[in-house]
Amino acid sequence: MKHWRRAVSTAILLGLMALVLLFIYAPIAWLVLSSISTRAELLAVPPHWIPEHPTLKNYRDILIPGTAVSEVARTFSITLRNSFIVAGSTTLICLVTGSLAGYALARLRLPFRNALFMSILGVRMVPEISLVVPLYIIAARLALLNKPIILIITYLSFALPFAIWMLSTFFESVPRELEDAALIDGSSRLGTLFRVVLPVAAPGIVSTALFTFLLAWDEFFFALIFTSTIAAKTVPVAIAEFTGRYAVDITAMMTGGVLAALPPVLLALIFQRYIVSGLSAGAVKG
Amino acid sequence: MAQATLRPPKTYSLLQYEIREGILFLLPAMVLIFGITLFPILFTFVLSFTDTPLSNPSPQNFVGLSNYLAFLRSAQFWQAIWRTVYFTVVSVGVELLLGLGIALLIHARPPGWAFLRTSLIIPWAVPTIVNGALWRWIYNADYGALNGLLYSLGVIEKYRPWLTEPMQALNLVIVADIWHSVPFIALILQAALATLPLELDEAAAVDGANAWQRFWFIRLPLLRPAILVALVIRTVEAFRVFDIIYVITQGGPAFGTVTISYLTYLESFSYGHLGSGAALSFLITLFTLVMALAYIRLLYRPEVQG
């Protein structure tokens, strides 16, 4: 009897799991299948779910210069490069300045510490739309529009508070005795931070780097407002441009979508355990 | 004179020294953060009392409160607020229920649970814009997968446009948002579930509590902090929704999916009214601040400091 009930409940759980997996993978599958279909097969009614003539032509069109038809597709690989530059630089700056600040907040006895902590949390919540107009005015004045540097600077507005918060959580969990030993031996604060704290907190650093990179890679609004030329345009802007109001280049859009999703998805899967631990450390990317 | 020479040489106490170090450590990050957030927010506040045009963007023509008053009187503004609230409540509500369900499912450890947990990471990591583009293609009126699927299953006789009716368009944008955001809540909650003490659950089971009672009276109260954190984060995000709407509907049909962020974007960059755009964005900032206070009270526990 008991055995029988157990089998039924496992069957129900498996059924539910199948439903959730279908919900997760059906759109993903359609994204990937669309990217390897010919336009003719995609535009059939009903569409060929499994392409009869799968092709990598869409990828060639979008990645190899000179083969694509539309302007956006022709310049897609440049936007991919821009995204790497912007997200990479943002992550790097966040790790350096964020480690220093996060360490000070986690360890040093500062009179204004609580207030600082709270304002950092508060700043993290400020929506981009509240900042965009002044930043646009300043960027235009300083002739920084359409340059990657303006994206790197403005991305710090959400990425840096996030990184500081996350790093300080990880630094707090480093045993104090390790540091004290180094300090007594005459090591400076900075030396202790680099030689003792950072190596011990390495998993936390990886986690923070990962989340920061994903946040910056995902960003769309600032990139939309601050960049309109190929000099600094990022991948999300390029993909949005495929969906022009009148002509939607479906194969290019889906192929671009796969390419834009690959770096963050691969990173997140490879460093899975850092993602899960980062999420539970109160780290936050929606 | 003689007394002064007897004083010990001036030294810094350890605490003073630590404070000086702290300031140096904090300086680069603080200069950056406050330069790119605090200053722009104040600038936005000033702009919101002017009617500065996008074509000549330096603060000019002080108009007092008239930007704010104009919005309070405009139907477009209240409709955008209503849509934003609807979007936020429905999407976050559904996401929370589904997320909790999936977290409990993983926690029950059926065969293959680890694969499910890994799979959840994929929609979460897919960039928001790609998610939007994908669903826009799925909803396509002439060739979309939704039409294709329903047609193949015999549910519909012929293809139909899905995004031409405002309310339906808004709901379909919500579906896309749910696909993207449920994994986040499910991952946070399953991590929280894994840390709950088992003893209470077992004790209640021994006392004859059934599975539902154990969930409702034991696990759910213990999960409350994690649920609240997920809820506040998602609420703030949903309230500012922009990217996904920009890609799927561009605010259409007939402004039917224009949320408050989208209205701010239109005011500032399509109509070129930086002043009234600033007024709107300042209202969003105020709302966010209230939510941020709630968030800080949930997340910031002074007792964890060393």
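How far apart do the C-alpha centres of domain 1 of chain A and domain 2 of chain A lie? They are 33 Å apart. Keep in mind that this is a predicted model.

Let's start with the layout of chain A. Domain 1 covers residues 2-55. Domain 2 covers 71-280.

Now, how do those two domains meet? In domain 1 of chain A, 6 residues make contact with 6 residues of domain 2 of chain A. Look at the domain 1 side. Two elements each give two or more residues to it: helix H1 (2-35) and helix H2 (39-42) of chain A. H1(A) has the largest share, with 4 residues. By class, that side of domain 1 of chain A holds 3 nonpolar, 2 polar and 1 charged residues.

Stay on helix H1 of chain A for a moment. A:Leu14 sits in this helix. A:Leu14 has 14 other C-beta atoms within 10 Å, so it is partly exposed. Burial would take 20 or more, and 12 or fewer would count as exposed. Next, pair A:Leu14 with A:Arg74. In sequence they are 60 residues apart. In space, C-alpha to C-alpha, the distance is 45 Å.

On to the two chains together. How many residues of chain A are in contact with chain B? The count is 85 residues of chain A, against 89 residues of chain B. H1(A) turns up again here. It gives 13 residues, the largest share of the side of chain A that touches chain B. The make-up of that side is 64 nonpolar, 15 polar and 6 charged residues.

Last, chain B itself. It has 13 helices and 0 strands. Along the sequence, the pattern reads α-α-α-α-α-α-α-α-α-α-α-α-α.

Two more numbers on chain B. Of its 306 residues, 40% are buried. And take the contacts in chain B with a separation of 6 or more: 69% of them are between residues 24 or more positions apart.

To recap on H1(A): this helix gives 4 residues to the side of domain 1 that touches domain 2 of chain A, and 13 to the side of chain A that touches chain B.

Definitions and conventions:
Residues numbered from 1 in each chain as written. Chains lettered and ligands numbered in written order. Predicted model: local features only at pLDDT ≥ 70, side-chain atom pairs only at ≥ 80, totals over all residues. Contact = placed C-beta atoms within 7 Å. Domains from an automatic or database assignment. Nonpolar A, V, L, I, M, F, W, Y, C, P; charged D, E, K, R; others polar.
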